Amino acid sequence: MVDNEQIRAIKSEFFALRNGEIADRLRRAGSPYKIIFGLQLSQLDAMAARLQKSTELAETLWQNTSTRESRLLAVLVFPLDRLTRQLAAELLAQADTRELVDLLCFKLVRNLPDAEALVGELSGADTYAALRLAMNLLCLQKLENLDAVYALAQAELANADSTCRIVARQVVDEIDFLRESDVN
């Protein structure tokens, strides 16, 4: 069980580090959170480094869906050795912003031994998460089925209504680069 005093201390630090300008920009950009302190990822990383990784703390922070920084910090304090592919899929499905999907993929999900299988599972339900995870795996040289991911990204580029064209373009460009490098 998480100590209420620990949560109070975390919230106090959020408040002390708040950045109204960033918070206002996020609100104007349509961030769905009721409470936004405007902390930067480097500040949250520093906080997480002082906290012991804990599934209980991560779950408590994750459940605070009204506060942006709680959700982000939850990802940073979650112990990687407790993450399963099923839990990763659930967390990605519950992620309410692209920023949170990006952080989940970068800090946790890409490190799963079977992360590539999750790309395929996500491709039908959440194309953005599938492509973002694929891009992370490409950077780590852990993506083997380039053809399927390339086809998914190309389909998004061809889709006039796509909301993830930028990450689709990144994936296509990276795979093209890798294929050109193999030829030379």
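Thr127 touches Leu122, Leu152, Glu156 and Cys164 when residues up to four places away in sequence are not counted, a contact being defined as heavy atoms within 4.5 Å. The model is a predicted one, in which local features need pLDDT of at least 70 and side-chain atom pairs count only at pLDDT 80 or more, while totals for chains, interfaces and linings use all residues. Residues are numbered from 1 along each chain as its sequence is written, and side-chain values use heavy atoms, with hydrogens and water left out.

Thr127 belongs to helix α9, which covers residues 127-139; helices (H or I, at least four residues) and strands (E, at least two) are DSSP runs numbered from the N terminus. With a relative accessible area of 18%, Thr127 is buried, where buried means under 20% relative accessible area, exposed over 50%, and partly exposed in between, computed with a 1.4 Å probe and protein chains only. Asp126 is placed in the loop between α8 (115-123) and α9, and its relative accessible area of 24% makes this residue partly exposed. Between the C-alpha atoms of Asp126 and Leu73 there are 23 Å in space, for a separation of 53 residues in sequence.

Cys164, a contact of Thr127, is also touched by Arg98, whose other contacts are Tyr128 and Thr163, again without counting residues up to four places away in sequence. Arg98 is found in helix α7, residues 98-107, and counts as partly exposed at 36% relative accessibility. Arg98 and Leu87 are 11 residues apart along the chain, and their C-alpha atoms are separated by 18 Å.

Leu87 is in turn one of the residues that lie nearest the centre of the largest pocket, together with Glu59, Trp62, Phe78 and Leu91, in a lining of 13 residues. The search was made on a 1 Å grid over the protein atoms alone, where a cavity is a set of points at which a 1.4 Å probe fits but cannot get out, and a pocket is an open set with protein on both sides within 12 Å along at least five of seven lines; lining residues have an atom within 4 Å of a point. The volume of the largest pocket is about 180 Å³, this being the space filled by probe spheres set on the points, with grid points joined across faces, edges and corners. At least two residues of the lining come from each of α4 (55-63), α5 (68-77) and α6 (85-94). By class, nine residues of the lining are nonpolar, two are polar and two are charged, with Ala, Val, Leu, Ile, Met, Phe, Trp, Tyr, Cys and Pro counted as nonpolar, Asp, Glu, Lys and Arg as charged, and the others, Gly among them, as polar.

Helix α6 also holds Ala88, which counts as buried at 0% relative accessibility. Leaving aside neighbours within four places in sequence, Ala88 is in contact with Leu83, Val109, Leu112 and Leu118.

Gln141 lies in the loop between α9 and α10 (146-158) and counts as exposed at 70% relative accessibility. Its phi is near 55 degrees, a positive value in a residue other than glycine, whereas most residues other than glycine have a negative phi. Asp182, in helix α11 (residues 165-183), is exposed as well, with a relative accessible area of 69%; the C-alpha atoms of Asp182 and Gln94, 88 residues apart along the chain, are separated by 38 Å.

For the protein chain as a whole, the secondary structure comes to 11 helices and zero strands. The radius of gyration is 18 Å, close to the 16 Å that the globule rule gives for 184 residues, so the chain is as compact as a globular protein of that length; the radius is taken over C-alpha atoms, and the rule is 2.2 Å times the number of residues to the power 0.38. Along its principal axes the C-alpha trace spans about 55 × 35 × 30 Å, and 43% of the 184 residues count as buried. Of the contacts between residues at least 6 apart in sequence, 64% join residues at least 24 apart.
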